Amino acid sequence: MLLSILEHFRQYLHLYLEILSLLIGLFFLKDLKRNKGFIYFIPFLITTVAVECIAKLLTDVENPNQYRSVRYMIFNVFTTCEFIFYSLIFLIYLSNKTLRKIIIILIPVYVILVAINIGYIQGTDKFHRYTFLLGCFLMVVYSCFFLYESILPDSINIKLSEQPFFWVTIGLLIFYLGSVIINALFEYLTSAALGKQGTQIYSYINNSLNVVLYGSFIIAFILCRKNRKTSSSQLS
């Protein structure tokens, strides 16, 4: 009984964390509105939860293989939109014009590469792992862009640990850096040589990365509230 509960929790951990971060975001909705860009996390998280639920429903049907291509297409489209969303968020927070221009150019370039990969290389019945890895790499680079700007003397006005978007950036950096590694090793981890153990290793690492990502979102949402209280006390 305990093992089945733990297995259930392991399988759905990412979904529970997504829902929890969404609920906390909704609870601090007014505070998110006062922090630039954070209000957009609400529709993004709603979409994320909806996609995960739809994918789960398609997995739990009597013959899940008949919907395999549909699931892959859903995740191919969603992960592409996910990278675009984070890129736009970084555009809001980055001030260097050169870095902003790089991101603006790379957004349509990335979409074109995804279309080419899905249409002519990996196909519609597979996950776009090649361009997903590229997207992960770009998120790591953008995170480093922001952290670089944040440590410049002109940018240090409050502690980094008190800035909500700093925590989002740290979560994205760790999550996508880890995703680059585990997805680069995906074929090996799911090979016959490792069998079920390899799949479990992939799942454990992925769940741990989700804990970091959505945990960082939760911290950022709470800091949006804390910063509002700090600003109000300073004004009074």
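Residues 24 or more positions apart account for 70% of the contacts in the chain with a separation of 6 or more, a contact being heavy atoms within 4.5 Å. The model is predicted, so local features need pLDDT of at least 70 and side-chain atom pairs count only at pLDDT 80 or more, while totals for chains, interfaces and linings use all residues. Residues are numbered from 1 along each chain as its sequence is written, and side-chain values use heavy atoms, with hydrogens and water left out.

The secondary structure comprises nine helices and zero strands. Helices (H or I, at least four residues) and strands (E, at least two) are DSSP runs, numbered from the N terminus. From the N terminus on, the order of elements is α-α-α-α-α-α-α-α-α. The chain has 236 residues, and 42% of them count as buried. Buried means under 20% relative accessible area, exposed means over 50%, and partly exposed lies in between (1.4 Å probe, protein chains only). The accessible surface of the chain is about 13300 Å². Carbon and sulfur atoms contribute 68% of that surface. These areas come from the Shrake-Rupley method with a 1.4 Å probe; for residues, only the protein chains shown count as cover.

Helix α6 (residues 129–150) and helix α7 (residues 164–184) form a contact pair. Two packed helices are described by the angle between their axes and the distance between the axes. Here the axes come within 8 Å and cross at roughly 145 degrees. Axes are lines fitted to C-alpha atoms, for helices over the stretch in contact, and angles run from 0 to 180 degrees between N-to-C directions. The crossing of α6 with α7 is left-handed. That term applies if the near helix is turned anticlockwise from the far one by less than a right angle; clockwise is right-handed.

On the α6 side, the contact includes Arg129, Phe132, Leu133, Cys136, Phe137 and Met139. Val140, Ser143, Cys144, Phe146 and Leu147 of α6 also take part. The α7 side includes Phe165, Phe166, Thr169, Ile170, Leu172 and Leu173. Tyr176, Leu177, Ser179, Val180, Asn183 and Ala184 of α7 also belong to the contact. The residues of this contact divide into 18 nonpolar, four polar and one charged. Ala, Val, Leu, Ile, Met, Phe, Trp, Tyr, Cys and Pro count as nonpolar, Asp, Glu, Lys and Arg as charged, and the others, Gly among them, as polar.

Glu149 also lies in α6. Glu149 is buried, with a relative accessible area of 7%. Its C-alpha atom is 9.7 Å from that of Tyr93, 56 residues away in sequence. Ser87 sits in helix α4 (residues 68–93). Ser87 is buried at 5% relative accessibility. Residues up to four places away in sequence aside, Ser87 touches Ile103, Ile107, Met139 and Tyr142.

Leu17 is buried at 14% relative accessibility, whereas Ile19 is partly exposed at 30%. Beyond its neighbours within four places in sequence, Leu17 contacts Asn210, Val211 and Tyr214. For Ile19 and Ala50, 31 residues apart along the chain, the C-alpha separation is 9.9 Å.

Gly198 belongs to helix α9 (residues 195–235). Gly198 is buried, with a relative accessible area of 0%. Gly198 and Tyr188 are 10 residues apart in sequence and 7.9 Å apart, C-alpha to C-alpha.

The structure holds zero disulfides. A disulfide is a covalent bond between the sulfur atoms of two cysteines. The cut-off applied is a pair of cysteine sulfur atoms within 2.5 Å. Cys81 is partly exposed at 44% relative accessibility. Cys144 is also partly exposed, at 40%.
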